[in-house]
Amino acid sequence: MKKNDLYLAAAVAAAAFLVWMVQQAVFPSGGEQITVTQDGEIVGVYFLAEENTLTFSNGRGGQNILTVRDGKAYMSEADCPDRLCMRQKPISKKGESIICLPHRLAVEVTAGRDGEMDAVAR
């Protein structure tokens with residue numbers, strides 16, 4: 001290796017570090033949070049970075065269990081008749097949500113990275 005090769009390698013490493021720093025500033029991780037609403041009222045705000053198992057009752061005998069793990073939230077149990085909320089994919093990006101209509105429960109990612117746009121959304 002010659003002297004100029006070392007300069008080139010150092011410049012590439014510095015550029016990669018600079019790109020990483022800008023990415024961390026624009027898209028910080030760990031700030032993703034979910035907001036849980038029931039009957040239109042906020043019942044809790046939780047961070048996706050903190051693993052948790054949350055139980056929500058609707059006051060009429062209905063119950064949902066929301067699990068937060070590995071930076072994603074999903075409905076692990078529900079006693080509603082159709083259980084469609086349990087079939088929804090785990091959420092982790094801003095704007096994604098899980099809805100349980102029979103129990104009037106909504107879980108939405110309200111802060112964090114935006115979801116990817118598809119051809120229809122553009």
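The side chains of Lys-89 and Glu-96 are joined by a polar contact of 3.0 Å. A polar contact is a pair of N or O atoms within 3.5 Å; within protein, one must be able to donate a hydrogen and the other to accept it, and residues adjacent in sequence count only if both atoms are side-chain atoms. The model is predicted, so local features need pLDDT of at least 70 and side-chain atom pairs count only at pLDDT 80 or more, while totals for chains, interfaces and linings use all residues. Residues are numbered from 1 along each chain as its sequence is written, and side-chain values use heavy atoms, with hydrogens and water left out.

Lys-89 lies in the loop between helix H2 (84–87) and strand E6 (97–100). Helices (H or I, at least four residues) and strands (E, at least two) are DSSP runs, numbered from the N terminus. Lys-89 is exposed, with a relative accessible area of 55%; buried means under 20%, exposed over 50%, and partly exposed in between (1.4 Å probe, protein chains only). Apart from residues up to four places away in sequence, Lys-89 touches Glu-96 and Ile-98, where contact means heavy atoms within 4.5 Å. Lys-89 and Ala-73 are 16 residues apart in sequence, and their C-alpha atoms are 8.8 Å apart in space.

Side chains of opposite charge can pair when their charged atoms come close. The structure holds two salt bridges, each defined as a side-chain nitrogen of Lys or Arg within 4 Å of a carboxyl oxygen of Asp or Glu. One of them joins Lys-89 to Glu-96, with the closest N and O atoms 3.0 Å apart. Another is formed by the side chains of Arg-104 and Asp-39 (3.7 Å, N to O). This pair links distant parts of the chain, 65 residues apart: Arg-104 is in the loop between E6 and strand E7 (105–111), and Asp-39 is in the loop between strand E1 (33–38) and strand E2 (41–47). Arg-104 counts as exposed at 52% relative accessibility, whereas Asp-39 counts as partly exposed at 41%.

Strand E6 has a covered face, Ile-98 and Cys-100, and an uncovered face, Ser-97 and Ile-99. E6 and E7 run antiparallel and are joined by four bridges; two strands pair if DSSP finds at least two bridges between them. The bridge partner of Cys-100 in E7 is Leu-105. Four residues lie between the strands of this hairpin, in which Arg-104 takes a positive phi near 55 degrees.

Leaving aside residues up to four places away in sequence, Thr-35 touches several residues, among them Ile-42, Val-45 and Val-107. With the neighbours within four places likewise left aside, the contacts of Thr-67 include Asn-52, Lys-72 and Ala-73.

**A nonpolar surface patch**

Phe-17, Trp-20 and Met-21 form a nonpolar patch on the surface, with about 340 Å² of accessible area together. Patches are made of residues with over 30% relative accessible area and no salt bridge; like charges are joined within 9 Å, and nonpolar side chains (Val, Leu, Ile, Met, Phe, Trp, Tyr) within 5 Å. Accessible areas come from the Shrake-Rupley method with a 1.4 Å probe; for residues, only the protein chains shown count as cover. Met-21 is in helix H1 (residues 3–26) and counts as partly exposed, at 40% relative accessibility.
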